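Subject: Structure for you to look at

Hello,

Please find below the sequence and the structure we talked about.

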Amino acid sequence: MGFVGVLLAPGWEGVVWKYLRRRRGFGLAENAIYKEHLNSRDPSPVMQALSDAAATQAFGRQLALRLPAGSILLLAGDLGAGKTCLVQGLAAGLGIEEPITSPTFALAQHYPLPKGGGLVHLDLYRLELPAAADELFAQEEEEARSLGALLAVEWPERLSSAPAGCWQIQLSLSDPFNPETGRLIEVRSPS
């Protein structure tokens with residue numbers, strides 16, 4: 001699972017190194033997936049261990065800086081695996097300052113930026129019928145494209161089929177019986 005030798009993005013080193021020194025075992029500095037892998041067309045998945053919620057948010061912040069505008073991210077994982085936490089990091093990386101919460105009951109939240117772009121956060125958990133999930137996804141995808149925004153979709157398994165051209169991100173707890181042990185993230189680029 002090592003990606004030794006991959007460099008951190010410019011501007012990331014100073015702030016993060018201070019944090020990493022305090023969080024022994026975090027390993028993000030040596031196992032980063034950033035520039036080389038995200039900018040390549042390598043279809044192989046990248047796996048990363050994340051020590052806690054702060055690490056998951058930091059991963060999301062860095063990921064937001066590397067994704068092309070208008071990207072669609074399909075976020076899969078059990079309840080409590082860190083999907084919303086990752087979206088909070090994505091929002092921070094995009095420069096969104098308002099609080100990000102799971103849109104489980106609202107189904108979708110829009111976070112436009114004044115100069116264009118932003119984030120559309122969609123949660124399909126409550127939609128049991130694939131046709132309803134497909135319809136909502138199509139509406140929100142259209143809205144995200146018109147804004148030039150990232151579209152982050154929680155619970156994409158509710159869709160009748162996975163849309164083409166999407167980033168697929170799987171989050172899981174390192175130990176399902178002890179959430180404090182951290183998370184694993186697997187990122188697959190669009191094929």
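The notes below go through the sheet, a helix and the salt bridges.

This is a predicted model, in which local features need pLDDT of at least 70 and side-chain atom pairs count only at pLDDT 80 or more, while totals for chains, interfaces and linings use all residues. Residues are numbered from 1 along each chain as its sequence is written, and side-chain values use heavy atoms, with hydrogens and water left out.

Helices (H or I, at least four residues) and strands (E, at least two) are DSSP runs, numbered from the N terminus. Two strands pair if DSSP finds at least two bridges between them.

The sheet

Seen in order, the strands of an open sheet of 7 run β1-β7-β6-β2-β5-β4-β3, with mixed pairing. Its edge strands, β1 (46-50) and β3, each pair on one side only. On average, neighbouring strands are turned by 15 degrees against each other, direction ignored. Angles run from 0 to 180 degrees between N-to-C directions, and axes are lines fitted to C-alpha atoms, for helices over the stretch in contact (heavy atoms within 4.5 Å).

Strands β2 (residues 72-76) and β5 (residues 150-154) run parallel and are joined by 4 bridges; Leu74 has Val153 in β5 as its bridge partner. By contrast, β3 (residues 108-112) and β4 (residues 118-123) pair in the antiparallel sense over 5 bridges, with His110 opposite Val120 in β4. β3 and β4 form a hairpin with 5 residues between them, and Gly116 in the turn has a positive phi of about 100 degrees. Helix α6 lies across β2, β3, β4 and β5, at about 175 degrees to β4.

Helix α4

Helix α4 covers residues 53-66, which is 14 residues.

The salt bridges

How many salt bridges does a search of the whole structure find? There are 2, a salt bridge being a side-chain nitrogen of Lys or Arg within 4 Å of a carboxyl oxygen of Asp or Glu. One joins Glu141 and Arg145 (2.9 Å, N to O). These two are 4 residues apart in α6 (residues 130-147), so about one helical turn separates them. Arg145 is exposed (over 50%), with a relative accessible area of 52%.

The side chains of Arg188 and Glu186 also meet in a salt bridge (3.0 Å, N to O). Here Arg188 is partly exposed (between the two cut-offs) at 36%, whereas Glu186 is buried at 18%.

Regards

Definitions and conventions. Expected span 1.5 Å × (residues − 1). Buried < 20%, exposed > 50% of the residue type's maximum accessible area, 1.4 Å probe, protein only.
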